[in-house]
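Subject: Structure handover

Dear colleague,

Here is the structure I said I would pass on. My notes on what was found in it follow below.

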Amino acid sequence: MIGRIRGTIVFRNDPYLLIDVHGIGYKVFASHTVLQHALLEQDAIIFTYTHVREDGIELYGFHTASDLQLFEQFISISGIGPKTAIGIFTIGKREEIIHAIQQADVDFFTAVPRLGRKNAQKLIIELKNKVGGLTELDLSSETDREKKDIITALISMGFSEKEAYLALKQIGDSGKNATEKIKRALQILGNV
């Protein structure tokens, strides 16, 4: 397994780089961060994951060992392959990705090509214990937009995100529309 490459970037064709290491060119599919800093004819040190398939070997490269570890956690989830996993790094940096997992932000992950809503939910469920989840994931899809709107409204009234989520969880389906649910949440939070 190739775990790290140190060499000269001789060719770039996003999403991959060709890195010359003592006369051997390694094709490395690179994360967005690596691509941002990649300059032709410059030396680079890239942490790599070696993916072996029956029809070939692919390398996936990252700026830091921490990014590589997060990538390896992604591909350990059934239904998420290396190309999808590296695609997650195109929508955000490691800190943003971890924050999205902690906040159970499914919409953040559905922006990744080939990563549908169900796999995004699975990713959050499986990784939030490893990165520390701050918010419970609601698996219902019909009312997600309404719930986000209600939570945003409560936050704008001065409540914390956690308080808003807890109030909304207590309400359940007791209100018919968003306005009624906000009124009920305010009663629960003691402001009415």
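The protein chain has 9 helices and 5 strands. This is a predicted model, and every value below was computed from it. Read from the N terminus, the elements of the protein chain follow the order β-β-β-α-β-β-α-α-α-α-α-α-α-α. The protein chain has 192 residues, and buried residues make up 41% of them. Of the contacts in the protein chain with a separation of 6 or more, 48% are between residues 24 or more positions apart.

The second largest pocket

What is the volume of the second largest pocket? It is about 180 Å³. The lining is made of 15 residues, and those closest to the centre of the pocket are Pro-15, Lys-83, Ile-86, Gly-87 and Thr-90. Which elements each supply at least two residues of this lining? They are strand 3 (24-30), helix 1 (32-37) and helix 3 (82-88). Helix 3 gives the largest share, with 4 residues. Sorted by class, the lining has 8 nonpolar, 5 polar and 2 charged residues.

Pro-15 is in the loop between strand 1 (4-13) and strand 2 (16-21). The peptide bond that leads from Asp-14 to Pro-15 is cis, and its omega is near 20°.

Gly-87 belongs to helix 3. Is Gly-87 buried or exposed? Its relative accessible area is 12%, under the 20% cut-off, so Gly-87 counts as buried. From Gly-87 to Ala-111 there are 24 residues in sequence, while the C-alpha to C-alpha separation in space is 9.5 Å.

Helix 4 and helix 6

Helix 4 (residues 94-102) and helix 6 (residues 117-131) have axes that come within 8 Å and cross at roughly 105°. Angles of 65 to 115 degrees count as roughly perpendicular, and helix 4 and helix 6 are therefore roughly perpendicular to each other. Which residues meet where helix 4 and helix 6 are in contact? On the side of helix 4 they are Ile-98, Ile-101 and Gln-102. On the side of helix 6 they are Leu-123, Ile-124, Leu-127, Lys-128 and Val-131. By class, the residues of this contact are 6 nonpolar, 1 polar and 1 charged.

Positive phi in two loops

Glu-41 is not a glycine, although its phi is positive, at about 65°. Glu-41 sits in the loop between helix 1 and strand 4 (43-53). With a relative accessibility of 57%, Glu-41 is over the 50% cut-off and therefore counts as exposed.

Ala-104 is not a glycine and has a positive phi of about 55°. Its place is the loop between helix 4 and helix 5 (106-110). Is Ala-104 buried or exposed? The relative accessibility of Ala-104 is 12%, so this residue counts as buried. In short, Glu-41 is exposed, whereas Ala-104 is buried.

Regards

Methods
Residues numbered from 1 in each chain as written. Predicted model: local features only at pLDDT ≥ 70, side-chain atom pairs only at ≥ 80, totals over all residues. Heavy atoms only, no water. Axes fitted to C-alpha atoms, helices over the stretch in contact; angles between N-to-C directions. Parallel < 35°, antiparallel > 145°, perpendicular 65-115°, else oblique. Contact = heavy atoms within 4.5 Å. Nonpolar A, V, L, I, M, F, W, Y, C, P; charged D, E, K, R; others polar. 1 Å grid on protein atoms, 1.4 Å probe; cavity = no way out; pocket = protein on both sides within 12 Å on 5 of 7 lines; lining within 4 Å. Points joined across faces, edges and corners; volume = space filled by probe spheres on them. Buried < 20%, exposed > 50% of the residue type's maximum accessible area, 1.4 Å probe, protein only.
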